[in-house]
Amino acid sequence: MIKSMTGFGRAEVITKERKITVELKSVNHRYLDLSIKMPRKLVFLEGAIRNLMKTYMQRGKVDVFITYEDYTLSCGALKYNKELAGEYLAYIRQMAEEFSLENDVKAGALSRYPDVLTMEEQSVDEDALWAVLEAPLREACEKFAQSRAREGENLKNDLIAKLNALDEKVSQVEARSPEVVDSYREKLEAKVHELLEDSQIEDSRIAAEVVLFSDKICNDEETVRLHSHIQGMKKMLEEKEGIGRKLDFMAQEMNREANTILSKSSDLIISNIAIDLKTEIEKIREQVQNVE
């Protein structure tokens, strides 16, 4: 099943100790571009996060949002800087004596002085933290992949419908081409008969001229290749994943064939059909841009 490059996935884990939320959303991109926003405490896990996510996606610009709340007190420790508090107190006493002021500093006030009491983060058990984060991250990735698959199925159905319409227009070109040659022969013969009384002399020359004209406007190669490309693209749509670039290349090839048909055409009807071909191929190419 093909996958779209647009997707969304979210997972959340809440326990007595912590709350972790993981959210993923993506848009089209030529390559895989992961943008991860998370607390500084989890930065050391970025490599593991990227490696896990790459198993679920190949292309797209994916924004990742991770929030982490720790409800325990184990995340930090209160530190008392006795030496710094002593220096504060010594200078306060000196100021009181020099300016004849009352020294009214109490312990509570002194504790609020800068860096007297500080909260220091304790060392983190990296393996334990990854074990906690991995489950919601994997769940969010699975939901993300599922949303891409659902959208991919819609893309597949739309592309098949467009390819069927394109195939029908190619058949219209094939049906019209012999009519163009016959019409040219009739016009040429009528012109010759009008100018010359003895038309029998000119039959061989007329036949040669018709052959030259037929070779000039012949689009058999282009229509055969277009049918082949259309069938090839349908087969690609049955592949599992990673076909976006191949589909885009195929659409470029189909556009090249349609351009050649248009450039060869001297018939208004075929020219109009060729323009319709190019329009349909462009619609297909726009949709292909959404395929992973």
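Q: In E4, which residue is the bridge partner of Ile-20?
A: This is a predicted model, in which local features need pLDDT of at least 70 and side-chain atom pairs count only at pLDDT 80 or more, while totals for chains, interfaces and linings use all residues. Residues are numbered from 1 along each chain as its sequence is written, and side-chain values use heavy atoms, with hydrogens and water left out. Strand E2 and strand E4 (residues 60-70) run antiparallel and are joined by 10 bridges, two strands being paired if DSSP finds at least two bridges between them. The partner of Ile-20 in E4 is Tyr-68.

Q: How many residues lie between E1 and E2 in the hairpin that they form?
A: Strand E1 (residues 7-14) runs antiparallel to strand E2 (residues 18-27), and eight bridges join them. Within this pairing, Ala-11 stands opposite Val-22 in E2. The number of residues between the two strands of the hairpin is three.

Q: In what order do the elements of the chain run from the N terminus on?
A: Helices (H or I, at least four residues) and strands (E, at least two) are DSSP runs that are numbered from the N terminus. The chain holds eight helices and six strands. Read from the N terminus on, their order is β-β-β-α-β-β-α-α-β-α-α-α-α-α.

Q: Is Leu-78 buried or exposed?
A: Leu-78 lies in strand E5. A residue is buried under 20% relative accessible area, exposed over 50% and partly exposed in between (1.4 Å probe, protein chains only). Because its relative accessible area is 57%, Leu-78 counts as exposed.

Q: How far apart are the end C-alpha atoms of helix H7?
A: The expected span of a helix is 1.5 Å times one less than its number of residues. Helix H7 (residues 244-264) has 21 residues and so should span 30 Å, which agrees with the distance in the model, where its end C-alpha atoms are apart by 31 Å.

Q: Which residues does Glu-257 touch, not counting residues up to four places away in sequence?
A: Glu-257 has its place in helix H7, and it is buried, with a relative accessible area of 7%. Contact means heavy atoms within 4.5 Å. Leaving out residues up to four places away in sequence, Glu-257 touches Glu-222, Arg-225, Leu-226 and His-229.

Q: How far apart in space are Asp-158 and Ile-284, C-alpha to C-alpha?
A: Asp-158 lies in helix H4 (residues 126-195), and at 25% relative accessibility it counts as partly exposed. Asp-158 and Ile-284 are 126 residues apart in sequence, whereas in space, C-alpha to C-alpha, they are apart by 8.9 Å.
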